[in-house]
Amino acid sequence: MSFVFSKENLLRIETLKKRYPSPKALCLPCLWMAQHQEGYISIDAIDTISEEIGIAPMEIYGVVTFYTMFHLEPQDKLNVQVCKTLSCKLCGSDEILKHLEGKDVKISHVECLGSCGTAPVMQIDDVYYEELNPEKVDEILKSLR
Ligand code: FES
């Protein structure tokens with residue numbers, strides 16, 4: 001197993017273990033830490049998380065493949081997740097999607113991100129970008145490169 005959590009992340013995991021009543025609840029925070037640390041979730045990282053929190057690797061793999069924000073391979077492009085659900089659709093997500101076409105990003109259409117009041121919304125990694133318009137999207141992408 002070649003993936004090892006950083007000392008900082010191991011401390012965070014120990015702190016979280018005291019906060020959560022079930023090890024399953026630590027799965028998502030551990031996956032975020034692994035992805036931030038390596039840029040993606042490797043099979044070795046899944047095995048390490050499995051040992052840390054006592055959940056079968058296959059269960060963790062199921063979580064990784066369920067959520068669009070986790071990656072099983074290194075990403076060469078920004079993963080821009082654009083909400084396509086009703087509030088965002090009514091507030092211009094189609095215009096945002098059209099604007100993103102042709103840009104050097106990976107576009108994912110996702111269901112409600114839970115921020116309908118600030119539609120249209122997109123998510124890049126674990127950060128939400130809200131009340132979007134094409135100009136704002138360009139500023140965001142420029143700031144991330
Ligand atoms: S509909 Fe887009 S965040 Fe809820």
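Biologist: Into which domains is the protein chain divided?
Modeller: In this predicted model, the chain is divided into domain 1, residues 7-66, and domain 2, residues 78-144.

Biologist: How far apart do the C-alpha centres of domain 1 and domain 2 lie?
Modeller: Those centres are 27 Å apart.

Biologist: Turning to salt bridges, how many does the structure hold?
Modeller: The structure holds seven. One of them joins the side chains of K17 and E52, at 3.4 Å from N to O. K17 belongs to helix α1 (residues 7-19) and E52 to helix α3 (residues 43-53), so this pair links distant parts of the chain, 35 residues apart.

Biologist: Which salt bridge does D104 form?
Modeller: D104 pairs with K77, and their closest N and O atoms are 3.6 Å apart. D104 is in the loop between α6 and β2, while K77 is in the loop between α4 and β1, so the pair ties together parts 27 residues apart in sequence.

Biologist: Another topic: is Q35 buried or exposed?
Modeller: Q35 counts as buried because its relative accessibility is 6%. Q35 is part of helix α2 (residues 27-38).

Biologist: What lies 2.9 Å from a polar atom of its side chain?
Modeller: That is the backbone oxygen of M69. Leaving aside residues up to four places away in sequence, Q35 touches Y40, I41, M69, F70 and H71.

Biologist: And which residues form the nonpolar surface patch?
Modeller: The patch consists of I43, M58, Y61 and L72, with about 380 Å² of accessible area together. M58, in helix α4 (residues 57-66), counts as exposed because its relative accessibility is 61%.

Terms used
Residues numbered from 1 in each chain as written. Predicted model: local features only at pLDDT ≥ 70, side-chain atom pairs only at ≥ 80, totals over all residues. Heavy atoms only, no water. Helix = DSSP H or I, 4+ residues; strand = E, 2+ residues; numbered from the N terminus. Buried < 20%, exposed > 50% of the residue type's maximum accessible area, 1.4 Å probe, protein only. Polar contact = N/O pair within 3.5 Å; in protein donor to acceptor, adjacent residues only side chain to side chain. Contact = heavy atoms within 4.5 Å. Domains from an automatic or database assignment. Patch = residues over 30% accessible without salt bridge, like charges linked within 9 Å, V, L, I, M, F, W, Y side chains within 5 Å. Areas by Shrake-Rupley, 256 points an atom, 1.4 Å probe, with all protein chains shown as cover. Salt bridge = Lys/Arg side-chain N within 4 Å of Asp/Glu carboxyl O.
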